[in-house]
Amino acid sequence: ARVKLGPINYILLTSPEYIKHILYQKTELYEKSVFYQKLWPVVGRGLLTSEGKKWRKNRRTIQPGFTKESMSSICDTIKEVTETMLTQWSDKAANGVSVELTTEMATVTEAILFRALFSESKNIDGGKSHEKDWALLNEEIGKRFFAFTTLHEKLPFPRTRQFNSAL
């Protein structure tokens, strides 16, 4: 599907065949959007944001970590954290308490990442959380994606200082 947002045209692919073609078979024919540069401060210049030879090198480096066994473990982690989250949401709903979806999803993502990457059991229902940082980074990256200038990123506005501090 072709989507036009302002002056930019996007193509949304849903066919596994096309996705495999672009992300696996013919990666050298496709460039990532300049918007990926907006992610550099948060995720660095690794697999997600790199292209070409650097992307290929990064991919080969991490490939051994994606065995059937390790993926099974990650899927178990995702399932456990998701079940905990759903239980918490059910309890909140039963008590008429609303949830802030951006914050909740950031907390779940953080818990999954900590467990999968660092083998650290991080509870999503307590303990030290960086949910405010995650929410701030997520919101600010979203704004930066669609900004027509990078000037506000360079000026010492309170939001810029908060963003830099959250990094």
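Here is a short chat about reading a predicted model.

Q: What does pLDDT say about the protein on average?
A: pLDDT is the predictor's confidence in each residue, from 0 to 100. The protein averages 81, and 92% of the residues score at least 70. This is a predicted model, where local features need pLDDT of at least 70, side-chain atom pairs count only at pLDDT 80 or more, and totals for chains, interfaces and linings use all residues. Residues are numbered from 1 along each chain as its sequence is written, and side-chain values use heavy atoms, with hydrogens and water left out.

Q: Where is confidence lowest and where is it highest?
A: Helices are DSSP runs (H or I, at least four residues), numbered from the N terminus. Helix α6 (residues 131-146) is lowest, with a mean of 74, while helix α4 (residues 68-94) is highest, at 90.

Q: How many salt bridges does the structure hold?
A: Look for a side-chain nitrogen of Lys or Arg within 4 Å of a carboxyl oxygen of Asp or Glu. There are five here. One of them joins K92 to E104, with the closest N and O atoms 3.1 Å apart. That pair links distant parts of the chain, K92 being in helix α4 and E104 in helix α5, twelve residues apart.

Q: Is E104 buried or exposed?
A: Buried means under 20% relative accessible area, exposed over 50%, and partly exposed in between (1.4 Å probe, protein chains only). E104 has 14% relative accessibility, so E104 counts as buried.

How values were computed: Helices (H or I, at least four residues) and strands (E, at least two) are DSSP runs, numbered from the N terminus.
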